[in-house]
Amino acid sequence: MTDISELLLSKIRDVADYPEPGVMFKDITPLLADPAAFTALTDALAEVADRTGATKVVGLEARGFILGAPVAVRAGVGFVPVRKAGKLPGATLSQAYDLEYGSAEIEIHAEDLSGSDRVLVVDDVLATGGTAEASIQLIRRAGAQVCGLAVLMELGFLSGRARVEPALAGAPLTSLLTV
């Protein structure tokens, strides 16, 4: 395990039975509160943005905003939020997707992306992959190219990678930690 992995893992707190019994929630707020750990995380994700040639970072609501915005600043590229339906003013593109129980919808301002953009999607956790897959579809519908997906943590036991990799169509999926 690398030093950054050890640092990041040491700042992620397990919360049993949240948000429901039987779930072990991975709380990243201690990591965000630690300037050294948050800086190391931002630097690592910004390196992914540089390596993939990203011109924009898309952050997924809500923790993807917290991680993606400083990554975009550090990498010297723009930041575009992907929000839950009904949260963005003006004209939007939307993408519905299935969850384990039900469905959800996300939106983006299409004018924030162009055909020349290479987009790195950033989020805190890759779980089942539904939101990440929908965001990839949404970015492509807006006319931009997806150059990768980068997450702090992948929950390997939920098989999100198997769902997302086909949508990435060869673009890299980078997980700093796999649990």
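## Ground rules

Residues are numbered from 1 along each chain as its sequence is written. In this predicted model, local features need pLDDT of at least 70 and side-chain atom pairs count only at pLDDT 80 or more, while totals for chains, interfaces and linings use all residues; side-chain values use heavy atoms, without hydrogens and water.

Thr42 sits in helix H3 (residues 35-52). Helices (H or I, at least four residues) and strands (E, at least two) are DSSP runs, numbered from the N terminus. Thr42 is buried, at 6% relative accessible area. Buried means under 20%, exposed over 50%, and partly exposed in between (1.4 Å probe, protein chains only).

Thr92 lies in the loop between strand S4 (78-84) and strand S5 (93-99). Its relative accessible area is 28%, so Thr92 is partly exposed. Thr92 and Ile108 are 16 residues apart in sequence, yet 5.5 Å apart in space, C-alpha to C-alpha.

## Salt bridges

The count is 11 salt bridges. Each is a side-chain nitrogen of Lys or Arg within 4 Å of a carboxyl oxygen of Asp or Glu. One of them joins the side chains of Arg74 and Asp43 (1.9 Å, N to O). Arg74 lies in helix H4 (residues 63-75) and Asp43 in helix H3, so this pair ties together parts 31 residues apart in sequence.

Glu133 forms a salt bridge with Arg163, with the closest N and O atoms 2.8 Å apart. This pair links helix H5 (residues 130-141) and helix H6 (residues 160-168). Glu154, Arg161 and Glu165 are linked in a network of salt bridges. Glu154 is buried at 7%, whereas Arg161 is partly exposed at 26%.
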